[in-house]
Structures are given as C-alpha cells and as structure tokens.
Amino acid sequence: MDPDIVIEGYTTDGQIDEAIERRQESFGSIPVVAIDDSIIFVTKSDPTIEYAGKLLDCEAQAEKLIEFRSSILNEINSTVKDIPEDEKVRVYYAEGPKG
C-alpha cells in the first residue's frame, strides 16, 4: 500500500512503546506515530483530532470534524435529556484483546 505514515491507535495499558517499536521495525523508514485512541470516547476526542490535524497538515478539516462532533453530541443530549435514567438504554462497547 506504500503509505507515507502509519498512525497507531493505543490505549494506556503500558504496552505502547513495545508496540510502536515492533510496528516501526516492520514498516522500516515509514514513520509510525501513536495517537491516543480515546477518540472513541466522543467527549474526550478533541485533543486527538487536533493533533491528527496538525500531524497531517489539515487543521481546518480537523476543526470542522470537532465542530461536527460537538453539534451531533449536543443534538443527542438534547434528544435524551427528558428520558428518565431508569428508561435509558445502556450499551457496553468493547474492542481489543481485553474487551
């Protein structure tokens, strides 16, 4: 695929250094960059989006994504604000080897 850069998402389980080193070895001269994958946590994603925007030289697009995320989250919060807590649907989302 010959990418210009590899972006590795990571969690804070303490294994990032080894994972990045292995990934860098496999990609040789193609830079491997780790970003905090807390982007899946919608309310904590802005710093990661901003960083990726700077990294990829597309800050304006990153800002648009942040604004979009904010507007959608506001719409969701407005829609569910009147639902009693005991009637809200609960969802468990997991990924990765530890789920």
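Reply: Here are the questions and answers, with each value set beside its rule.

Me: Happy to start. What should I keep in mind about the model and its numbering?

Reply: This is a predicted model, in which local features need pLDDT of at least 70 and side-chain atom pairs count only at pLDDT 80 or more, while totals for chains, interfaces and linings use all residues. Residues are numbered from 1 along each chain as its sequence is written, and side-chain values use heavy atoms, leaving out hydrogens and water.

Me: How many helices and strands are there in the protein chain, and what makes a stretch count as one?

Reply: The protein chain has three helices and two strands, and its elements run β-α-β-α-α from the N terminus on. Helices are DSSP runs of H or I with at least four residues, strands are runs of E with at least two, and both are numbered from the N terminus.

Me: How do you know that the span of helix α1 agrees with its number of residues?

Reply: The expected span of a helix is 1.5 Å times one less than its number of residues. For the twelve residues of α1 (residues 16-27) that gives 16 Å, and the end C-alpha atoms are 16 Å apart, so the two agree. Just after α1, Gly 28 has a positive phi of about 65°.

Me: Why is Glu 8 paired with Arg 23 in a salt bridge?

Reply: The rule asks for a side-chain nitrogen of Lys or Arg within 4 Å of a carboxyl oxygen of Asp or Glu. The closest N and O atoms of Glu 8 and Arg 23 are 2.6 Å apart, so the pair qualifies as a salt bridge. This pair links distant parts of the chain, with Glu 8 in strand β1 (residues 6-10) and Arg 23 in helix α1, 15 residues apart.

Me: How many salt bridges does the rule give?

Reply: The count comes to three salt bridges. One of them joins the side chains of Asp 46 and Arg 69, at 3.0 Å from N to O. With 22% relative accessible area, Asp 46 counts as partly exposed, while Arg 69, at 16%, counts as buried. Glu 85 and Lys 88 also form a salt bridge, their closest N and O atoms being 3.0 Å apart. Here Glu 85 is exposed at 63%, and Lys 88 is partly exposed at 30%.

Me: What makes Ile 7, Tyr 51, Leu 55 and Leu 56 a nonpolar surface patch?

Reply: Patches take residues with over 30% relative accessible area and no salt bridge, joining nonpolar side chains (Val, Leu, Ile, Met, Phe, Trp, Tyr) within 5 Å and like charges within 9 Å. Areas come from the Shrake-Rupley method with a 1.4 Å probe, and for residues only the protein chains shown count as cover. Ile 7, Tyr 51, Leu 55 and Leu 56 make a patch of about 320 Å². Tyr 51, found in helix α2 (residues 46-55), is partly exposed at 41%.

Me: And which residues form the negative surface patch?

Reply: Asp 17, Glu 18, Glu 21 and Glu 25 do, with Glu 21 found in helix α1. Asp and Glu count as negative, Lys and Arg as positive, and His and the chain ends are not counted. Each charge is placed at CG of Asp, CD of Glu, NZ of Lys or CZ of Arg.

Me: Why is the phi of Asp 57 worth a mention?

Reply: Most residues other than glycine have a negative phi. Asp 57 has a positive phi, near 60°, and is a residue other than glycine. Asp 57 lies in the loop between α2 and α3 and is exposed, at 64%.

Terms used:
Buried means under 20% relative accessible area, exposed over 50%, partly exposed in between (1.4 Å probe, protein chains only).
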